[in-house]
Amino acid sequence: MLNIYTATSNDFPVIQKIANKTWPATFGEILSPQQISYMLEMMYSTAALTEQVAEKGHRFLLVKDEIMDLGYASYELDYKAQAKTKIHKIYLLPEAQGKGVGKLLMKTISEIAKDNQNNVLSLNVNRDNSAFQFYKNIGFEQVGEENIDIGDGFLMEDYIMEKQLA
C-alpha cells in the first residue's frame, strides 16, 4: 500500500536522499556531472528547500510504501497569481518507476489543485527527459519551450507542458 503525506522541514533529508539517487539516473545521459552537482546544490540544499517552502510557497509531498520512501513531488498553488498549479518537482526512485507511483502523485496534486480552484497543471521537463512521454500519456500537452539560465554557465532547456483539469 502506498501512502502520500505532506513533507515538513524534518523530511528535507529524505527529499535530499531521493534527489541524490534519482538525479544521476534521470539526467546522467543528458547533463554533465558538473551540472547535476550544481543543480542538486542549487535546488536541494537545506537552505534552498527552506526558501522554496517558506518564501516561494512550494509544498512537498512524499510517497512511501510499507518499507521505504519512494519519491516526492513539489507544487505551488495559484502560480503567478493564476488559477494554475505549477509542479516544480516530481522524482521517483528508479525501482519505483512504472508501478503507478507517479500517476498517484499526479492524481493527488490534481485533486489538491481542484480543491483550491486551480484548473490547470503546469510543469517543465527537460527536452531530452524520457518523462516527457509519461506526461503526454497522462494528458499533458506541450504548450511551449524555454531556456533558463541557472548560472555557472548552465542552461535548463525545457518543454513547458500543461494539463486542463475537469
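In what order do the strands of the open sheet stand? The order is S1-S2-S3-S4-S5-S7-S6, with 7 strands and mixed pairing. Two strands count as paired if DSSP finds at least two bridges between them. Helices (H or I, at least four residues) and strands (E, at least two) are DSSP runs, numbered from the N terminus.

Now the edges. Strand S1 (3–6) and strand S6 (141–151) each have a single partner strand, so one side of each is left without a neighbour in the sheet. From one strand to the next, the twist averages 30°. Axes here are lines fitted to C-alpha atoms, for helices over the stretch in contact, and angles run from 0 to 180 degrees between N-to-C directions.

A word on the source. This is a predicted model, where local features need pLDDT of at least 70, side-chain atom pairs count only at pLDDT 80 or more, and totals for chains, interfaces and linings use all residues. Residues are numbered from 1 along each chain as its sequence is written, and side-chain values use heavy atoms, with hydrogens and water left out.

Next, the whole chain. It has 5 helices and 7 strands. Along the sequence they follow the pattern β-α-α-α-β-β-β-α-β-α-β-β. The radius of gyration is 15 Å, close to the 15 Å that the globule rule gives for 166 residues, so the chain is as compact as a globular protein of that length. That radius is taken over C-alpha atoms, and the rule is 2.2 Å times the number of residues to the power 0.38. The C-alpha trace spans about 40 × 40 × 35 Å along its principal axes. Of the 166 residues, 46% are buried. Buried means under 20% relative accessible area, exposed over 50%, partly exposed in between (1.4 Å probe, protein chains only).

Back to the sheet, strand by strand. S1 runs antiparallel to strand S2 (residues 59–64), joined by 4 bridges. Tyr5 stands opposite Leu62 in S2. Helix H1 (residues 12–27) packs on the sheet and touches S2, strand S3 (69–76), strand S4 (84–92) and strand S5 (120–126). Its direction makes about 95° with that of S3. Helix H2 (residues 33–44) packs on the sheet too, touching S3, S4, S6 and strand S7 (154–164). The direction of H2 makes about 60° with that of S7. Contact means heavy atoms within 4.5 Å.

S2 and S3 form a hairpin, with 4 residues between them. They pair in the antiparallel sense over 6 bridges. Phe60 has Ser74 in S3 as its bridge partner. S3 and S4 also pair antiparallel, over 6 bridges. There, Tyr75 is partnered by Ile87 in S4.

How many residues of S3 are buried? 8 of its 8.

Now a residue in S4: Thr85. Thr85 is buried, at 0% relative accessible area. Leaving out residues up to four places away in sequence, Thr85 touches a list including Tyr75, Ile109, Val120 and Leu121.

Compare a helix residue. Ser110 lies in helix H4 (residues 101–115). Ser110 is buried, with a relative accessible area of 9%. With the sequence neighbours up to four places away left out, Ser110 touches Leu121 and Leu165.

Last, two helices. H1 and helix H3 (residues 46–54) pack at about 115°, with axes 11 Å apart. Phe12, Ile15 and Gln16 in H1 meet Thr46, Leu49, Thr50 and Val53 in H3.
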